[in-house]
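Subject: Handing over the structure

Hi,

Here is the structure I promised to pass on.

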Amino acid sequence: MIPLTLQARSDAPAPFVTRLSCSQAGGVDVSRLQAEANDTLLFAGDQGLIEIVGQPSAALDGDVVLVDPGAESAHRLLRAGSRHNTLMVTERCDQLCIMCSQPPKKTHQDRFAYFERACLLAAHGETIGLSGGEPTLYKERLLAFLEYVIERRPDLSFHVLTNGQHFEEAEIDRLADRRFRNVVWGIPLYAAEPSLHDQIVAKSGAFLRLERSLRHLIMAGARVELRTVVLQPNWTALDALACHVTTYLRFVEQWSIMQLENIGFARGRWSALYVDPSAEFGPLAQAIDRALLFGVRPALFNFPRCSVPQPYRKFAIASISDWKQKFAPDCCSCAERSDCSGFFEWHPQELLEKVVPI
Amino acid sequence: MIVLPLRVRPSGKESLLFANDAGQFFQGDRAFLRRYAFDELTAEDISFLSERGQAFDDIDSLGFASHLHGCARRITSPTTLDYLILVPTLRCNLACSYCQVSRASLESRGYDWSDETLAAVLTLIDRLDAGAVKLEFQGGEPTLRPDLIASVIERCERFADKSFVICTNLSCLDEDVMRIFDRPDVLISTSLDGSEFTHQQNRTATAEKTRTFFANLEFVLDRYGPDKVSALPTLDPLNPPQVETLVEAFASRRLPSIYLRPINYQGFARKRHPDSRAQDDRWREYYESFVQAIIARNWSDPSIVLEETYLSLCLRRIFQPGHDRHVDLRNPNPVGRDYIVIDHDGVVYPTDEARMLARSGVVDLAIGHVASGWDTEQRAVLDCASTNQFDPDCQRCTYQPFCGRDLVDDLARYGRIDVPRRETEFCRRHLHVFDFAFRLIYSDDPATRYSLARWLDLGGDLPDLAVSR
């Protein structure tokens with residue numbers, strides 16, 4: 001796994017955001033490499049000295065980090081060259097999805113000020129993820145953050161993962177602003193049957209509230225990616241969901257159908273939730289075909305390509321973030337490895353043995 | 001409860017096709033029509049309609065917002081100029097009987113781009129503000145001037161996403177032409193009227209030229225494969241080739257897409273094929289039997305999926321809004337916005353057919369010149385009539401959300417644009433294609449459903465739509 005938090009010390013009095021650089025090129029908020037010896041890197045910038053242990057300088061060159069002298073850590077907010085940089089807005093959430101990969105916590109620390117600095121230092125044209133917890137619990141801060149950054153960096157795009165429980169009619173005009181053309185809202189919907197969706201997200205009334213939000217997002221001309229995790233409870237209801245999506249939610253840019261991640265709540269409930277697509281793909285095939293027929297673009301996330309029948313393989317994209325991706329030993333000989341999601345680092349080992357190299 | 005206004009059209013003996021303004025459709029029977037018309041819908045009717053996005057609790061609901069969005073998506077909204085049809089020369093080394101542009105002979109002078117016209121085209125390319133561009137070289141025979149094609153292609157280097165289509169009779173594959181064809185971003189489009197006999201009769205005239213064409217077609221197919229080469233037949237509707245012969249002319253060459261195109265009532269065809277002004281039922285029967293033949297062939301030989309290109313387009317437009325880059329079928333069909341035609345003399349036309357009309361001396365539909373621009377009064381006048389949105393026939397037509405507008409076609413056939421829509425060839429042709437398409441969509445024949453699923457690019461079977469009211 002690629003480490004996201006590094007052991008680091010600094011003489012700065014308070015946490016700060018900086019970009020690590022191994023070259024002597026100029027720029028604001030840059031910390032330049034001064035020395036590299038014995039597993040230790042020394043960077044110096046306007047905000048202080050940073051000493052980082054355990055990484056070669058080449059691996060960190062260009063990273064935007066949040067240095068926290070008190071915690072003796074440097075958090076890699078935006079790793080150079082990665083397509084999977086995600087900023088965690090909060091760990092609080094008002095849903096409790098049965099398969100949640102990152103179970104929520106009660107506490108919250110507002111880090112928007114650091115995120116603003118980091119995003120202004122981002123590489124040109126980068127797409128940055130915002131996730132949680134539920135980012136729209138801090139909706140006012142979130143929207144102001146997006147407006148502030150995109151105003152200054154119109155080259156950046158954002159992908160915000162949200163449960164869509166908090167958009168209001170009064171926000172339609174605000175969300176219709178051109179700056180939000182750079183924002184895609186990734187919103188989960190698990191079933192067309194309200195009670196089934198509510199049961200999966202463990203919040204009654206969630207489906208109806210989500211419908212209201214989606215209505216406001218349509219009226220705002222917002223960009224939405226719909227997300228559905230495939231689970232035993234919604235497996236046979238997928239075609240009904242596809243009917244719903246192709247009737248009411250054709251405005252979405254993409255319908256991402258996702259394989260379960262064996263971490264968080266899903267780990268303890270794996271046998272009750274996991275569906276093996278290589279054993280039975282029919283309901284998924286039907287849902288994909290219905291989406292295609294009506295012009296909704298499908299995508300399969302976290303589906304190793306060998307688990308997907310050939311006609312649908314092109315929809316299985318390399319979705320798993322680089323830092324938590326792994327492959328089985330047999331994957332070495334596979335012709336499609338570079339296009340494949342691979343597996344989550346924490347995927348059950350015995351399932352890795354089922355790969356069939358293409 | 002809000003029930004959307006529905007358009008109705010008979011579909012088969014007992015059924016009716018219902019569609020709303022966003023193009024969402026379903027089949028119903030006469031009893032349902034009666035209940036709908038007399039405002040006697042049952043609770044079951046309402047729930048059926050709700051599930052299909054045809055009825056909502058109130059106007060602030062998700063369903064209604066989605067419906068509005070769906071209506072908007074049915075309206076073409078071209079953004080920026082990114083498609084140029086270029087005519088570097090009007091000269092041609094063939095003299096097809098139905099030549100739509102009344103080509104100039106090989107030796108004639110004054111039918112190629114001048115240096116000034118080329119310079120203006122290159123300047124235009126420099127000013128294009130699009131991420132992806134498509135340039136199509138028409139003629140005449142554009143390969144008579146590979147130097148002009150090469151200059152244009154060279155000037156497009158700055159575009160990350162670009163494609164070039166060379167529309168050619170494949171009579172000459174010299175070194176300069178091959179250098180252009182070898183580029184991976186170049187596509188070759190040619191004409192193939194069926195058997196060698198038919199092709200020679202219509203186009204190549206002599207046995208030698210016929211041999212050259214078929215040899216060159218084999219050569220480019222061998223060299224590049226069928227993905228880079230497309231071929232279109234032009235058919236005499238009074239004397240169409242045998243269906244099987246035509247199908248095999250394409251299938252044997254692994255060319256999957258066949259655009260069954262009757263002679264266009266343009267150019268030489270106006271005099272030599274006066275009957276091409278309107279197609280009759282015989283043509284429509286031929287069209288259907290052709291499609292049925294490829295459906296049967298696809299079912300028995302899955303190694304290749306043949307399609308009739310225009311039917312596939314119509315099917316996609318029925319199910320999926322947003323297929324607006326086929327400029328012959330969209331609505332509105334704005335003039336001189338996202339694509340233009342630049343003729344051999346630098347004159348800008350809104351469509352290829354418009355330049356043909358001017359060439360035939362019927363009506364001058366030029367909208368400007370490449371050097372001086374085309375944001376002109378002429379364009380504005382044409383643009384006023386480039387929509388079917390407020391046409392009294394179209395407004396009542398079930399197929400309006402899928403259909404389009406081609407005012408140049410009206411002018412070509414009738415010299416005016418105010419002929420009642422249902423009396424036009426454009427309307428008759430599209431009513432037929434869409435009627436036919438819906439017969440296929442609601443067919444339970446496995447071979448038909450197999451072909452439909454392939455034409456619509458599905459991975460498996462066509463999803464079930466059969467539930468009707």
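First, some housekeeping. This is a predicted model, with local features needing pLDDT of at least 70 and side-chain atom pairs counting only at pLDDT 80 or more, while totals for chains, interfaces and linings use all residues. Residues are numbered from 1 along each chain as its sequence is written, chains are lettered from A and ligands numbered from 1 in the order in which they are written, and side-chain values use heavy atoms, with hydrogens and water left out.

Let's start with the inside. A nonpolar core here is a set of buried Ala, Val, Leu, Ile, Met, Phe, Trp, Tyr and Cys residues joined through side-chain atoms within 4.5 Å. Buried means under 20% relative accessible area, exposed over 50%, and partly exposed in between (1.4 Å probe, protein chains only). The largest core has 200 residues, and A:L146, A:F158, A:W185 and B:F181 have the most contacts inside it. Helix α17 of chain B (residues 425-441) gives the most to this core, with 10 residues. Helices (H or I, at least four residues) and strands (E, at least two) are DSSP runs, numbered from the N terminus. A separate second core of 21 residues includes A:M99 and A:Y190.

As for α17(B), 13 of its 17 residues are buried.

Next, strand β7 of chain A (residues 73-78), where five of the six residues are buried. Strands count as paired if DSSP finds at least two bridges between them. β7(A) runs antiparallel to β6(A) (residues 64-68), with five bridges, and A:D68 stands opposite A:S73. Four residues lie between these two strands in their hairpin, where A:E72 takes a positive phi near 50°. β7(A) also pairs in the antiparallel sense with β1(A) (residues 5-10) over three bridges, and there A:T5 faces A:H75.

Finally, where do the two chains meet? The contact takes 29 residues from chain B and 19 from chain A. About 2,000 Å² is buried between them, 60% of it from carbon and sulfur atoms; buried area is the accessible area (1.4 Å probe) that two parts lose on being put together, summed over both. There is one salt bridge between the chains (a side-chain nitrogen of Lys or Arg within 4 Å of a carboxyl oxygen of Asp or Glu). B:D60 forms a salt bridge with A:R215, with the closest N and O atoms 3.6 Å apart.

Best wishes

Note on methods: Contact = heavy atoms within 4.5 Å.
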